[in-house]
Structures are given as structure tokens and as C-alpha cells.
Amino acid sequence: MIVRNFLQWAQTAPTALRVEGAGALARAYLHSDLDTAMKRETETALAALLDDPSPLVRRALAKVFASSADAPHSIVSALANDQSDIAAMVLSRSPLLSESELIDCAAVGDVFSQSAIALRAHVPTGLSSAIAEIGACEALISLAVNPGAELPAFAMRRMIERFGDDAQLREALLGRPFLPAAVRVDLVEAMAASLASFVLDRDWLSPERTRRILQEARDKANIVIAASADESEGRRGVRMLVAHLRRKARLTPSLALRALLSGNRALFEATLAELSGLDEEKVAGLTRDFDGAGFAALYARAGMPANLLPAYRAALEAQRAFGYAGAPSRARLSLAMVQRVLTSCDEINSGELDRLMALLRRFEAEALREDAREAAAALTTPPFVDMAALEAQLLVAA
């Protein structure tokens, strides 16, 4: 009887009173000790309020039921499919909605609904993967910045495939902890493509020069990523990265040479292992004896350019001479090593290594500039003054 009277009153009551009454009825359902019959009647009244002409009434219901595990599931499901400002409240918080329901809501919802789902306290792998596949760019950004979202590597790569040209999405993904090396490579690729398009559209550089600059910038970034992977995941991480670079057609001779000249032996050996199909221990043993026929056979089996073999041997010799053979991975070209390889290759060059010499000259210029920047930064850094020691010296002098 009470519920019937409520519904009769709601037909003529002003909007403000209906909103207040809807909230009171929802709270009564959650917190009052209702018997089974009364609870069923209350659910019927709540369902009737879903047809109220004012969205403010449904918003009042959503506000009360959004975080409750005791709310009527059917009412919550209806609110989750309401207009976005109402749906977002329950989509972002309701513990009643299953993963399949949330995926369905994301598939038919607008960007606000998708973002509300992406920002839930916990977004499991299946739901994250679905949003990565069907979500709008803004929803993917919300997913990327959410620390409670379980984002597998393949989902992040799909996000980059779809919206890699968006700088906010790239920044959001880069901010995630423990980002896989393969994903960082894809982010570099996406940023390079975006920059290339920007430069070419404005006709700032020729297409050929733009491609060369971006290729060398990608190689440099991949060396940094490989060094990070080696430190965090060891040889396995580097090998996985190399396999990904091969699939992306980025595993080039120039990258392998840059790795050696940066002291990154792990990336070079992983490259030979990936291309030759041999295990890493055997590759490491043959590389240690780089002057022997075994290394030459390994090099040929990997399909590396035959005319560049002297350059790689010179780089390995330079590593040994400068103490990089067992050193931690570095991410910057060594000027001394580059110049040593330049000298070795220049002595044997009769024209077939001209392109290699041009590449080494660019490496030399890059390394020289890096050293100059480092020296300039050291000169501009103010010296540290130990004030306690200075005060003690003044006291002694006094």
C-alpha cells in the first residue's frame, strides 16, 4: 500500500520532490529491514522510477546505488545503460556489474561511459583488452593512467596501433611502471611516424633526410631500451626485444654496429642469436673469439653483410681494448671506440666500405657532440661547497 501511494504521488509531484523521494526510497531499500513482499514492491517502485521523464530522478537512484553490493541488480543494469552522466556513476563503481556486462556497456557506450569503465578501481585483463580494442582515444588514455588496470603487452600494442599518433596516449603509456621493452619500441615507432608526418607536411626537410634522421633516432632509442631491458630482465629481456625488432623490420646492421660501439655487447649477441637460430651461450663463445673462423661462420649464418665483417671485428677489438667486453650495457656511443673502428676500416677501405665510412663519420659526430654536452654541463654545474668544513677552517684560522 505504501509503495502504491508513493507511485500515485510521484505522478503529480514536482521534479524536485520526486528526486528527493527517489533517493529516500533507494536508501530505504538498502538500509531498512523490509520483508520479502515489501522488498519486492519497493523494487517495482524503483523500476517504475526508471521511466520518470526527468533524468534527475534516475541520477538520484544511481547516486545511492552506485557503490552498493546490495542494490537490485536489474536496476543497476538499467542505470548502466542510461545516458552517459547517469551511467558513468554506476559503471565506474558498481561491484554488481560483471566483466561481460561492462564489456557490453563499453561496446555500445560513448566516450564518457567507456572512460568511466576504464577508471574503475580494478580493471581485469579481459576488460582492459576489450577497451583497448573498441574504446575511443580518451577512454584509452584513462585506461593507461589507471594504476588499477591490468594492461597486457598485446593490449598496449593494440592501443598504439590504433591511436599511436596521439601524444597524450603515448605519454600516458610511458608513465606506466614496468613497461615492457617491446611496448617502448612501439611507442618510439609511433612517435617517429608522427614527427615524420609533421616535418614532411611542412616541407622542412627532404623525405630522404627525414627518413635518415628518424632511423638513427629510432636506433639510438632502441639502444637505450635494450640497455634498460638488460638491467631489469637480463639476457631474456634483450632476446625478446630483439625478436620484436625483427618482426618490426628494425633489426638492421647499423643498429647492431651502434650497439657494439655503445658497449652493448648483449644486444649484438642477441641479434646474432636471433638471426642465426643458435643458442646464446654458443653465440657468446664464438663472439669472444671474434678473429676466428667460427665467428665468421656465425656472422654469415646470421645473414649479415659480408663486407661489414671487418667493421664488427674492429668494434669487438675496440671493446676489448677499452674494457667494455664485460662492462654493463651503455646507451651512448663511445667516441674513442668509434674513432678506433674508423681508423681500422679506413686502412682496408678500397671503395666498398664508403657507405660504412659515412655512417661511422656520423657516429663520430654524434659521439663528439654528446661528449661536448656532457663537458659543458659539468662546467656549468656549480661546485659543491661543504659549509661545515669551511666554517671549521675559518675557526682554525681565527
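Author: Let's start with what the lining of the largest pocket is made of: eight nonpolar, four polar and six charged residues. In that count, Ala, Val, Leu, Ile, Met, Phe, Trp, Tyr, Cys and Pro go down as nonpolar, Asp, Glu, Lys and Arg as charged, and the others, Gly among them, as polar. Keep in mind that this is a predicted model, where local features need pLDDT of at least 70, side-chain atom pairs count only at pLDDT 80 or more, and totals for chains, interfaces and linings use all residues. Residues are numbered from 1 along each chain as its sequence is written, and side-chain values use heavy atoms, with hydrogens and water left out.

A pocket here is an open set of points on a 1 Å grid over the protein atoms alone, where a 1.4 Å probe fits, with protein on both sides within 12 Å along at least five of seven lines; lining residues have an atom within 4 Å of a point. The largest one holds about 500 Å³ of space. Of its 18 lining residues, S254, R355, L356, L359 and R362 sit nearest the centre.

Now for the second largest pocket, with about 250 Å³ of space. Its lining is E216, K220, R258, R362, A365, E366, R369, E370 and R373. By class, that's one nonpolar, no polar and eight charged. Helix 21 gives the most here too, with six residues.

Methods:
Grid points are joined across faces, edges and corners, and a volume is the space filled by probe spheres set on the points. Helices (H or I, at least four residues) and strands (E, at least two) are DSSP runs, numbered from the N terminus.
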